[in-house]
Amino acid sequence: MRKTMITALAACACVLTATAPAQAAPKDPVRALKGKLATGHGVRFTETTMLSGPKKAKIQSRKGTFQFDAKGVAASDITATSVGRPRERTISVGKVSYTSGGMWEERLPEGKSWLKGNGLLGGGSGFYGQVINPVEPTTMAALVKKGRLRGSTLTGKITFKELEKVSRWFGASIPLRMHDDTKVSYTLTLTSAGLVSRVRSSYAATGIFDTDRFEGGTITIDSRFTGWGAKVSIKAPDSGTVTTDTGE
């Protein structure tokens, strides 16, 4: 009788094991990103930058759109609202950027509203903007390698120097930094498809020129991404409104 009961229990255990749902492996975020990189498509984002520590303050908010090509970011259109500064808009196409408002609000020649420059993808707001861009496959690969992926969350730390090696966005957006060894703590939240829906990054505000404001604080940037794969068309401003003259 006992042998019969043991056999029956073992059979039940086998049935339960066979029918139990398997744990789904985390989606590969690099592969998921590459699957969305198609010309004429893109993603939208909203963002808030905060200073915490001895002095707490909201530094700026941004919203914008990235347009893709096969490698990552082909163009961007970003509007920033910063404390104590006029609203700024920056359109970047390839390696050329056009900025309107912000620190240039009263400095451009009459009849001109856009300042043309090279490489400043985030405009002046890049000083306080998100240092991690999940639209770049090389950046995402570095974050996965440096971090730990558990389910829908990727966490880790990476230095400014390491970011600059893999991220054109980081180097071209002039993030406010003074030390290559500054560590960025990051948390990325993924959708069920493996795409990034949120990036939260933070780093110590050390070596920043405005020491009275930032001394001992931490800069935290929280970005949300929506509309992956939506049709996007970003174009340079009308040439008649563009100048390279800052009046200096």
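Colleague: Which residue of E11 stands opposite Ser201?
Modeller: This is a predicted model, in which local features need pLDDT of at least 70, side-chain atom pairs count only at pLDDT 80 or more, and totals for chains, interfaces and linings use all residues. Residues are numbered from 1 along each chain as its sequence is written, and side-chain values use heavy atoms, without hydrogens or water. E10 and E11 are antiparallel partners over seven bridges, where pairing requires at least two DSSP bridges and a strand is a DSSP run (E) of at least two residues, numbered from the N terminus. The residue opposite Ser201 is Ile221.

Colleague: Which residue in E11 is the bridge partner of Glu47?
Modeller: E1 and E11 run antiparallel and are joined by eleven bridges. Within E11, Glu47 has as its bridge partner Ser223.

Colleague: How many residues apart are Arg62 and Glu47, whose pair links distant parts of the chain?
Modeller: A salt bridge places a side-chain nitrogen of Lys or Arg within 4 Å of a carboxyl oxygen of Asp or Glu, and the count by this rule is six. One of them joins the side chains of Arg62 and Glu47 at 2.9 Å, N to O. Arg62 lies in strand E2 and Glu47 in strand E1, and their separation is 15 residues.

Colleague: Which elements give two or more residues to the lining of the largest cavity?
Modeller: A cavity is a set of points, on a 1 Å grid over the protein atoms alone, where a 1.4 Å probe fits but cannot get out, and lining residues have an atom within 4 Å of a point. The largest cavity holds about 50 Å³, a volume being the space filled by probe spheres set on points joined across faces, edges and corners. Its lining consists of Phe45, Glu47, Arg62, Phe66, Gln130, Ile132, Asn133, Trp169, Ser223 and Phe225. The elements giving two or more of the lining residues are E1, E2 and strand E11 (218-231).

Colleague: What is the volume of the largest pocket?
Modeller: A pocket is an open set of points with protein on both sides within 12 Å along at least five of seven lines. Residues lining the largest pocket include Asp69, Lys71, Asn133, Glu136, Arg168 and Trp169. The space in the largest pocket is about 230 Å³.

Methods: Helix = DSSP H or I, 4+ residues; strand = E, 2+ residues; numbered from the N terminus.
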